[in-house]
Amino acid sequence: MKALAALMAVAALFGSVHLFHGGSGGRTANASTPSPGDYRLVANGDEASCALKRGTEVSHGLSLLTVTANCRGVLPGIERAKFWREQDDGTVTFSANGIDPIVTFGVADGDGYESYAPTLPLLSLAAGSD
């Protein structure tokens with residue numbers, strides 16, 4: 001368990017250093033991987049919303065995640081999320097440790113994602129920070 005915590009700390013440190021230096025490491029971005037950006041998380045069709053930022057990819061499918069403080073009003077506990085994980089099937093999870101999901105999203109009919117776990121509140125996630 002200590003080894004996992006140490007590995008996650010190293011990954012977070014690497015990602016932070018990479019982010020601090022503007023990601024200029026001579027690495028070519030993968031065309032199929034969405035670029036980091038701003039997202040808007042909305043509960044039940046506009047009851048509450050907040051901003052998120054997908055950051056630097058720290059490993060295949062795992063990116064850093066910045067959640068604004070007011071996101072707690074959208075889904076209590078989501079403010080602990082530090083990682084965005086995108087699976088091969090297109091699903092996205094947010095987690096505090098890179099493994100255990102706090103919320104899970106599937107690809108929506110239009111742009112963005114819709115949550116399916118937990119079942120309530122229904123959340124939508126779309127690019128942009130309006």
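Strands (E, at least two residues) and helices (H or I, at least four residues) are DSSP runs, numbered from the N terminus. The model is predicted: local features need pLDDT of at least 70, side-chain atom pairs count only at pLDDT 80 or more, and totals for chains, interfaces and linings use all residues. Residues are numbered from 1 along each chain as its sequence is written, and side-chain values use heavy atoms, with hydrogens and water left out.

**View A. Proline 121 in the loop between strand 7 and strand 8.**
A cis peptide bond joins leucine 120 to proline 121, with omega near -5°.

**View B. Proline 118 in the loop between strand 7 (113-117) and strand 8 (123-127).**
The bond from alanine 117 to proline 118 is a cis peptide bond, and its omega is near 0°.

**View C. The disulfide of cysteine 50 and cysteine 71.**
A disulfide here is a pair of cysteine sulfur atoms within 2.5 Å, and one disulfide is counted by this rule. The sulfur atoms of cysteine 50 and cysteine 71 lie 1.9 Å apart. The link is right-handed, with 100° about the S-S bond. It connects distant parts of the chain, 21 residues apart: cysteine 50 belongs to strand 2 (residues 48-59), while cysteine 71 sits in the loop between strand 3 (62-67) and strand 4 (83-86).
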